[in-house]
Amino acid sequence: MAVSSFSEAGSRGRGRRVILWRHGQTSWNVERRFQGTTDVELTETGVAQARRAARLLVALKPDTIVASDLRRAANTAAELAALTGLDVTHDEALRETYAGVWQGLTHEEIIGRYGDEYAAWKRGEPVRRGGGELETEVADRAAPVVVRNAEKLPEGGTLVVVSHGGTIRTTIGRLLGLDPHHWESLGGLSNCCWSVLGEGARGWRLLEHNAGTLPEPVLGDDD
């Protein structure tokens, strides 16, 4: 019986990339309001960010684009779709973390009203922020979407996932096999920046993080 060599077996299905791209700026980002699943539109700056980033991402020759159905992500994805001619598949499982009563509150209001809850979350404890989802529950719904679409890619193919800061962070943590307590060690993404996962012999590897622009403040639900 023929036995495949290590190099042959290890190379099957490798070379695929997943680009996890955060949406452009919204007015609530600027005001530091927790958006969660609230459907907030892009600002003019956010649209310009999406167009600039799309011009960079098109050079990576994406094969597939999937996006959250919330407008800030869907409209960001549309800029790349316009350049590539690809259709965008929208999936509500890629939405941002639902955060109950935290949604619509500013960073300062959250700390003032729910300081203990916020501190516990930052310590890595499983917290239903505002009575909403656990981070592990977000990963439970979002990571399988990424995996399913990545598995459909051709050898060396590229998947672009357009989503939200918190959802991207938890998804990366899950795909890298990190303990949820350590997901916070992945820094937040600036608006319209992205992270790149590459497929290797042992699974997914983080190749780039918060790429796409000069450093900017992270304004979002996971800061």
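Two strands are taken as paired if DSSP finds at least two bridges between them. Helices (H or I, at least four residues) and strands (E, at least two) are DSSP runs, numbered from the N terminus. The model is predicted: local features need pLDDT of at least 70, side-chain atom pairs count only at pLDDT 80 or more, and totals for chains, interfaces and linings use all residues. Residues are numbered from 1 along each chain as its sequence is written, and side-chain values use heavy atoms, with hydrogens and water left out.

Strand β4 covers residues 158–163. In β4, V162 stands opposite A67. Strand β2 (residues 64–67) runs parallel to β4 and is joined to it by 4 bridges. Strand β1 (residues 17–22) also pairs with β4 in the parallel sense, over 6 bridges, and L20 has V161 of β4 as its bridge partner. Burial was assigned from relative accessible area (buried under 20%, exposed over 50%, partly exposed in between; 1.4 Å probe, protein chains only). Of the 6 residues of β4, 6 are buried, so the strand is largely enclosed by the rest of the structure. In a regular strand the side chains alternate between the two faces of the sheet. Both faces of β4 are covered, with T158, V160 and V162 buried on one side and L159, V161 and S163 buried on the other.

Side chains of opposite charge can pair when their charged atoms come close. A salt bridge was counted where a side-chain nitrogen of Lys or Arg lies within 4 Å of a carboxyl oxygen of Asp or Glu, and the count comes to 16. One of these joins D39 and R71, with the closest N and O atoms 3.4 Å apart. D39 lies in the loop between α2 (27–30) and α3 (44–57) and R71 in helix α4 (residues 71–84), so the pair ties together parts 32 residues apart in sequence. D39 is partly exposed at 33% relative accessibility, and R71 is partly exposed at 38%.

E135 and R169 form another salt bridge, at 3.1 Å from N to O. This pair links distant parts of the chain, E135 being in helix α6 (residues 135–151) and R169 in helix α7 (residues 165–175), 34 residues apart. E135 is buried, with a relative accessible area of 14%, and R169 is buried, with 4%. A salt bridge also connects R174 and D140 (2.9 Å, N to O). R174 lies in helix α7 and D140 in helix α6, so parts 34 residues apart in sequence are tied together. R174 is partly exposed at 31%, as is D140 at 45%. A network of salt bridges links K122, R129, E135, R169 and E184.

Aromatic pairs were assigned to rings of Phe, Tyr and Trp (its six-membered ring) with centres within 6.5 Å; planes under 30 degrees apart count as stacked, over 60 as edge-to-face and the rest as tilted. The structure holds 5 such pairs. F34 and W102 form an edge-to-face pair, 5.9 Å centre to centre with 75° between the planes. F34 lies in the loop between α2 and α3 and W102 in the loop between β3 (88–90) and α5 (107–122), so the pair ties together parts 68 residues apart in sequence. F34 and W102 are both buried. The rings of W102 and Y114 have centres 6.5 Å apart and planes at 35°, so this pair is tilted. One aromatic cluster is formed by F34, W102, Y114, Y118 and W121.
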